[in-house]
Each structure stands twice: as structure tokens, then as C-alpha cells.
Amino acid sequence: MKNAKRKLSSEQSAELLSVLKARFEKNKQRHKGLHWASVQAKLEANPAKLWSLDEMELTGGEPDVVGYDKNKDEYIFFDCSAESPKGRRSICYDHEALESRKEHKPGNSAVQMAADMGIELLTEAEYRDLQQLGNFDLKTSSWIVTPPAIRKLGGALFCDRRYDHVFLYHNGAESYYAARGFRGSLTV
């Protein structure tokens, strides 16, 4: 982790907030009825979450608000890049899978990267919700949260969009491909 304090400088915060605001305004269909001023106030009150959003941005995720949980008073951010984030590809599913490889190990795993960034992998339901907001992963695929029963047997799940349909697949958790990464979520 490059920033153990998980806090951005004032300049970094201002720059990121500007990027997030522009994306929020450009993609209003993702968050109908929500207002940027409220989102910004939440972000400014949560520097560690702003740091996590910066990590999402730096790895190519293009995070944006995709919902609001009234009960928890939290905004929900997902990676909204057209394809699986470039800075998070060619990775296996989790640390156990990474350690099981005898040769040609990838640099990291999706689960570990997400934890280091302070975010969560999308669940299948969240991935399908994201696909209601646009067409994502037309050329790439993204690891998603895998149920323990599948993971225990050595498998892991990933999704993509092909033929105007969202597909759910399985693969060995130790596999990795140049076109497979992961998308994350963060609540603020």
C-alpha cells in the first residue's frame, strides 16, 4: 500500500472531487434524484473513503454514484469504466489462488487488491445492477464475489456482457487473463 495513512492531501482531494463531480454531472442517469452537494459533503467528512475512491480512479475504475441507501444514509459507488479497470487486470481471484500457482504467478489477486484499496468486489446482483446503467465489459470480464462453497472447491466466478446479455461464468480461482480484472463498490 503506497499510502498507509489512507488520506489525500488537500490538493489531491480537490482534484479528485472535481473529477467525480464532472462524472456525476455527465452521467445523471446513473443516480436520478441525487444531488452532488450532498455527495460531496459525505466525501469531505470521510477522508479514508475519498482515499479509496482515489485508488479506484488511479487504477482506471472511473467510480461514480450508482445509488443511495436511505436506511444507512450512504451513497453507493461502483466502478463505471467501460471495460474492467486496466490497473486491475491479469490477476487471479484471491491470495490462496495466488499462492497455489507454482509458476507464472500474477502480480496480485482481486480480493487482496480490493482489500488494499478499502473497497469490495461486486456481487453478482450488483454486477447485474451496474449493467442496467449501461453496457460494461463488452471486451473484458470481471471477477465477482464467489460463494464459499464454490471457492472451497477451487472455483471462482466472473461476469461479462456479450450479445446484449450479462453472463456468469466459472473458472479456476488461480487463473488470470489480460482481459479479466475486477470492479469494486464503496459506500460513503
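**View 1. Strands E5 and E6 pair in the antiparallel sense**. The pairing of E5 with strand E6 (residues 165-172) runs over eight bridges. Two strands count as paired if DSSP finds at least two bridges between them. Strands (E, at least two residues) and helices (H or I, at least four) are DSSP runs, numbered from the N terminus. This is a predicted model: local features need pLDDT of at least 70, side-chain atom pairs count only at pLDDT 80 or more, and totals for chains, interfaces and linings use all residues. Residues are numbered from 1 along each chain as its sequence is written, and side-chain values use heavy atoms, with hydrogens and water left out.

**View 2. E5 and E6 form a hairpin**. Two residues lie between the strands. Tyr163, in the turn, has a positive phi of about 55°. Arg161 stands opposite Val166 in E6.

**View 3. Four strands form an open sheet**. The order is E1-E2-E8-E3, with antiparallel pairing. Strands E1 (63-69) and E3 (120-121) are the edges; each pairs on one side only. E1 joins strand E2 (residues 74-79) over six bridges. Pro63 has Asp79 in E2 as its bridge partner.

**View 4. The largest nonpolar core has 34 residues**. Such a core is a set of buried Ala, Val, Leu, Ile, Met, Phe, Trp, Tyr and Cys residues joined through side-chain atoms within 4.5 Å. Buried means under 20% relative accessible area (1.4 Å probe, protein chains only). Val39, Leu43, Leu53, Phe77, Trp143 and Phe182 have the most contacts inside this core. Elements giving two or more residues to this core include helix H1 (10-26), E2 and strand E5 (155-162).

Conventions: Buried means under 20% relative accessible area, exposed over 50%, partly exposed in between (1.4 Å probe, protein chains only).
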